[in-house]
Amino acid sequence: YQETESFKYVNEKDITHSLSYVSQCDAFIGSDSAYKTMSSMLGIPTIVLHGDYVDNQRDINFINPYVDAGCMLVYRYKDFILEQQNIKDFIHKNLEIY
């Protein structure tokens, strides 16, 4: 996706600067990270992209509670490169719902 007035990539060297942007989001798309936890805790619609492999610690503590609360959707990919179009379609479809 290209950056636009309403779609921005944030990539600050200092994590606190990057985290400070989360509260300004209408929606958040990212990986399994502190950023998605913060956006979910703030009630910001969150889409998480992560590998499709077993990680009970991740799922039980950091994914399932937010999915169950209705503030997070997850796309689990097997091959990020091969699934790029499916990932884009998933994001586009679900941002319309949010």
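**A chat about the sheet and its helices**

Visitor: What covers the buried residues of α2 in this one?

Guide: In this predicted model, the cover over the buried residues of α2 includes α1, β1, β2, α3 and β3.

Visitor: And which residues of α2 are the buried ones?

Guide: They are Lys36, Thr37, Ser39 and Ser40. Viewed down the axis of α2, these buried residues fall within an arc of 165 degrees, so they line one face of the helix.

Visitor: What about α1, which residues are buried there?

Guide: In helix α1, which spans residues 15–22, the buried residues are Ser18, Leu19 and Val22. Looking down the axis of α1, one finds them within an arc of 100 degrees, so they too line one face of their helix. An α-helix has 3.6 residues a turn, so residues three or four places apart point the same way.

Visitor: What do the buried residues of α1 pack against?

Guide: They pack against α2.

Visitor: Switching to the sheet, in what order do the strands come, and is the pairing parallel or antiparallel?

Guide: The sheet is open and has three strands in the order β1-β2-β3, with parallel pairing. β1 (28–30) and β3 stand at the edges, and each has a single partner strand, so one side of each is left without a neighbour in the sheet. From one strand to the next, the twist averages 15 degrees.

Visitor: How many bridges hold β1 and β2 together?

Guide: Three bridges, in the parallel sense, link β1 to β2, the strand of residues 46–51. Glycine 30, for instance, has valine 48 in β2 as its bridge partner.

Visitor: What happens to the backbone just after α2?

Guide: Glycine 43 takes a positive phi there, of about 80 degrees.

Visitor: One more thing, where does glutamate 83 sit, and is it buried or exposed?

Guide: Glutamate 83 lies in the loop between β3 (72–77) and α4 (84–97), and it is buried, yet it has no salt bridge.

Visitor: Which side chain of opposite charge is nearest to it, and how far away?

Guide: That is lysine 78, 7.2 Å away.

Conventions. Residues numbered from 1 in each chain as written. Predicted model: local features only at pLDDT ≥ 70, side-chain atom pairs only at ≥ 80, totals over all residues. Heavy atoms only, no water. Helix = DSSP H or I, 4+ residues; strand = E, 2+ residues; numbered from the N terminus. Buried < 20%, exposed > 50% of the residue type's maximum accessible area, 1.4 Å probe, protein only. Lys, Arg positive; Asp, Glu negative; His and termini not counted. Salt bridge = Lys/Arg side-chain N within 4 Å of Asp/Glu carboxyl O. Pairing = 2+ DSSP bridges. Axes fitted to C-alpha atoms, helices over the stretch in contact; angles between N-to-C directions. Arc of directions from axis to C-beta. Contact = heavy atoms within 4.5 Å.
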